[in-house]
Amino acid sequence: MQSLAHDLIEAGNEHFRIAAQPARILFWLADTCGDCELVSSNWTDFTGQKAGDALGQGWLDVVMVQDRAQLLEALRLGVEAQQGVHLRYRLLLADGRACWVQHDAAARFLPSGKFNGLVGTITGESDAHAGGVALEQAAQQVFDFLNDIPMAAVAMGFDGSVVHCNQVMSALCKRNDAALLGQSWIDLHVSPECRAQVASLVDGNIAPSVLPAEIEYQIETRDGSRLFRWHLTLIRNFDGEPISIAMLGSDITQWRRMVDHLRLTAQVFDTSHEAMVITDRNNRIVSVNDAFTVLTGYSREDALGKNPSILQSGRHTSEFYQTMWKCIAEQGHWRGEVWDRRKDHSFYPKFLAISVIRDSNGEVSNYAAIFYDVTERKALEDKLDRLAHYDALTGLPNRMLLQDRLEQAIAVGERKNQKFALLFIDLDGFKLVNDRVGHPTGDEVLKAVAQRLQAVIRGMDTVARLGGDEFVIILADIRHAQDAGLVAEKVVDSLSEPYLVGAQTLALSASIGVSIYPNDVQKADELLRTADEAMYQAKHGGKRQVRFYGSVG
C-alpha cells in the first residue's frame with residue numbers, strides 16, 4: 001500500500017485535473033484475487049452501499065444480477081494475465097436506479113516486480129450529460145479520495161493561504177484541517193530557510209505555464225523539521241484559469257539521508273525494496289542487491305565487473321548521459337526518470353538517483369545508485385491524462401484539449417504563414433430525437449456522429465466534442481476558404497445519412513459555422529466565438545446549412 005501511495009503521489013498533478021471535469025469518478029483497489037481492498041469515499045453517495053460493505057466481493061451487491069457473471073469473468077482473466085480490465089456494466093445507484101458505468105483497471109506491481117492486484121476507476125456514463133456539476137463538488141470528490149490514502153496534500157492559493165489540507169497533512173501539523181484553512185502556508189508551516197523558495201511560486205515571477213513539476217522543501221511538523229518532495233500542479237476553474245497550486249508530498253527525510261550517506265552497509269543494502277547498485281571509481285559494478293536482480297533480470301554474476309550501461313534502453317541520446325554525468329561531477333548527485341532494458345530485452349521506466357561516495361581524503365571512491373520501477377505510475381498517468389483531455393462518451397478530444405490544439409494551430413499558422421479553418425457543428429433536431437428515443441439511444445447517435453466526423457478529416461486535422469451535440473473540427477493548412485467549404489459540405493452530407501441504432505432508424509442533419517484564421521480573427525477564443533455565430537446564422541437560414549463568418553475569398 002505504501003508503494004502504491006508513493007506512485008500515486010508521483011502522478012498527483014493528474015488527479016487534480018480530474019477536478020475540472022463534470023463527472024463523478026469512483027476510485028478502487030483490488031487484491032491479487034480480484035477482491036476489493038478499498039473504495040473512494042464517494043462510493044456510498046453513488047451507490048448507497050457503505051464503503052466497508054463493499055470490501056471483498058460485497059460490492060457485487062450493487063451490480064445488476066444480469067451483469068455479475070461477465071464482470072467476475074473479466075476480473076478473473078485480468079488477475080490471471082496480470083493486466084488491465086476495461087468493460088461496461090450496470091451499477092445500482094443510491095436511489096435504486098440502474099446506471100451504465102465504465103470500469104477501467106490497470107495492473108499494479110510492488111517495487112520488486114511482484115503483481116499486487118488492480119487499481120482503477122468506475123465512471124457513470126450518464127455523467128457525460130450532467131454538465132452542471134459544480135467545480136467545487138467535483139474537486140471535493142478528488143480531495144475526499146486523497147484523504148483515504150497515506151500521503152500529504154495541501155492546496156495553496158495565489159495569496160499564499162491554505163485552501164485545502166487533507167487529514168495526513170493536518171496530522172503532521174498537529175492542527176485539524178479546518179483550523180489550517182485560510183492560514184499562510186509559507187509563514188506558519190514552511191521552514192524559515194525554505195520560505196523564499198516557496199514564496200517564489202506565488203509572487204508573480206513564475207508564470208503558471210512554467211510551474212515546476214516538483215520541488216523539495218522542509219516543513220515544520222509535530223516531529224520537527226522534515227524534508228518533503230512536493231509534486232505541484234495547478235488547480236484550474238472550469239474556464240481553465242489557474243486558481244491555486246496543489247502540492248502532494250512524500251516525506252523523504254530518511255530517504256535523502258540514506259542516499260547522501262550511503263555506504264557499503266549490508267543491512268541497508270540487502271533489505272532495501274529499491275534496486276541498488278554500487279560501482280567503483282571507474283564505474284564498474286562491484287555490488288548489487290536482491291531487488292536489483294529481481295527488477296533487471298541480471299544475476300550478481302551477470303552484473304559484477306560490468307558497466308551499468310548494460311541496462312541502457314537506447315531511448316536516450318548520448319547528450320542525455322553527458323548532461324547527467326556533468327551534474328554528478330559538479331553537484332555530487334543526480335536524480336530523474338530514465339528508460340532501461342531488462343536482461344530479457346523488455347523496456348521499463350524507472351526513477352533513478354545516483355550519488356558520489358568519497359573517501360576520507362575527499363576523492364571519489366564509488367558511485368551508488370538507487371532505482372525503482374515506475375511502470376504502474378506511468379500507466380496511471382496515461383489513464384488520468386485521458387480522463388482529463390478526452391470526452392468520456394465519444395473518445396474525442398474535449399474542450400481543454402481543443403484549446404491546446406487551437407493554440408498549436410495558431411502558432412504553426414503564424415510561423416509558416418498558413419491558414420486553417422474552424423468548423424463549429426451543431427446537430428439539427430438532436431434534442432427532440434434524444435427526448436423521443438431516450439438518452440442511451442441518443443448516446444449511440446453521438447458516438448456514430450463522432451465516427452463519421454473522424455472519417456471525413458485528414459490525419460493532421462482535429463475533431464473535438466464541446467459537449468451535448470456540439471462538435472468542432474480544426475482543418476489544418478488550407479490554401480483557400482473554399483477548401484473548408486468543401487469539407488463542411490461533406491460533413492453535412494455524412495451527418496444527414498440515416499442512423500441505424502438497434503431496430504430504429506433515425507434522421508438528423510447538421511448546421512455548420514466556419515471561421516478562417518487569420519482572415520477572420522487571430523485568437524483561439526475569438527475563432528470559437530465567430531464560428532459559433534456563423535453556425536447560428538446557418539440555423540436561422542433553414543438548418544442543414546454552412547455559413548462563413550467572413551468572406552469566402
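Two rings of Phe, Tyr or Trp form a pair if their centres lie within 6.5 Å, with the six-membered ring standing for Trp. The exercises below use this idea and others on a predicted model.

**Exercise 1. Find the cluster of rings.**
Task: State how many aromatic pairs there are, and name the residues that ring pairs link into a cluster.

Solution. 
Step 1. Counting by the rule above gives 9 aromatic pairs.
Step 2. Trp185, Tyr217, Phe228 and Trp230 are joined into a cluster by ring pairs.

**Exercise 2. Classify two ring pairs.**
Task: Decide whether the pair Tyr217 and Trp230 is stacked or edge-to-face, and do likewise for Phe320 and Trp334.

Solution. 
Step 1. A pair of aromatic rings is described by two quantities, the distance of the centres and the angle of the planes.
Step 2. Planes under 30 degrees apart count as stacked, and those over 60 as edge-to-face.
Step 3. Among the 9 aromatic pairs is that of Tyr217 and Trp230, with ring centres 5.2 Å apart and planes at 15°, so this pair is stacked.
Step 4. Tyr217 belongs to strand S8 (residues 214-221) and Trp230 to strand S9 (residues 224-236), so the pair ties together parts 13 residues apart in sequence.
Step 5. Tyr217 has 0% relative accessibility and counts as buried; Trp230, at 0%, counts as buried too.
Step 6. For Phe320 and Trp334 the centres are 6.1 Å apart and the planes stand at 85°, so this pair is edge-to-face.
Step 7. Phe320 is in helix H14 (residues 318-331) and Trp334 in strand S13, 14 residues apart, and the pair links these distant parts of the chain.
Step 8. Phe320 counts as partly exposed at 23% relative accessibility, whereas Trp334 is buried, with a relative accessible area of 14%.

**Exercise 3. Work through the salt bridges.**
Task: Give the number of salt bridges, then describe the one between Lys431 and Asp435 and the one between Asp493 and Arg544.

Solution. 
Step 1. The count is 21 salt bridges.
Step 2. In the bridge between Lys431 and Asp435, the closest N and O atoms are 3.0 Å apart.
Step 3. Both residues are in helix H17 (residues 430-437), and because they are 4 residues apart there, about one helical turn separates Lys431 from Asp435.
Step 4. Lys431 has 60% relative accessibility and counts as exposed.
Step 5. Asp493 and Arg544 meet through their side chains in a salt bridge of 3.6 Å, N to O.
Step 6. This pair links distant parts of the chain, 51 residues apart: Asp493 is in helix H19 (residues 481-495) and Arg544 in the loop between H20 and S22.
Step 7. Asp493 is partly exposed at 41% relative accessibility, and Arg544 is partly exposed with a relative accessible area of 41%.
Step 8. Another salt bridge joins Arg97 to Asp95, the closest N and O atoms being 2.7 Å apart; Arg97 is partly exposed at 48% relative accessibility.
Step 9. Salt bridges also link Glu73, Arg76 and Glu80 in a network.

**Exercise 4. Look at the backbone.**
Task: Say whether the peptide bond from Tyr517 to Pro518 is cis or trans, and give the phi of His345 and of Arg544.

Solution. 
Step 1. Most residues other than glycine have a negative phi, and most peptide bonds are trans.
Step 2. The bond from Tyr517 to Pro518 is cis, with omega near 0°.
Step 3. Pro518 is located in the loop between strand S21 (509-517) and helix H20 (524-540).
Step 4. His345 is not a glycine, yet has a positive phi of about 75°. The loop between strand S13 (333-341) and strand S14 (347-358) holds His345, which is exposed with a relative accessible area of 55%.
Step 5. Arg544, also no glycine, has a positive phi of about 50°. Its loop runs between H20 and strand S22 (546-548).

**Exercise 5. Describe the chain as a whole.**
Task: How many helices and strands are there, and what share of the residues is buried?

Solution. 
Step 1. The protein chain has 20 helices and 22 strands.
Step 2. Of its 553 residues, 49% are buried.
Step 3. Among contacts between residues at least 6 apart in sequence, 54% join residues at least 24 apart.
Step 4. The accessible surface is about 25,600 Å², and carbon and sulfur atoms account for 50% of it.

Technical notes: Residues numbered from 1 in each chain as written. Predicted model: local features only at pLDDT ≥ 70, side-chain atom pairs only at ≥ 80, totals over all residues. Heavy atoms only, no water. Helix = DSSP H or I, 4+ residues; strand = E, 2+ residues; numbered from the N terminus. Buried < 20%, exposed > 50% of the residue type's maximum accessible area, 1.4 Å probe, protein only. Salt bridge = Lys/Arg side-chain N within 4 Å of Asp/Glu carboxyl O. Contact = heavy atoms within 4.5 Å. Areas by Shrake-Rupley, 256 points an atom, 1.4 Å probe, with all protein chains shown as cover.
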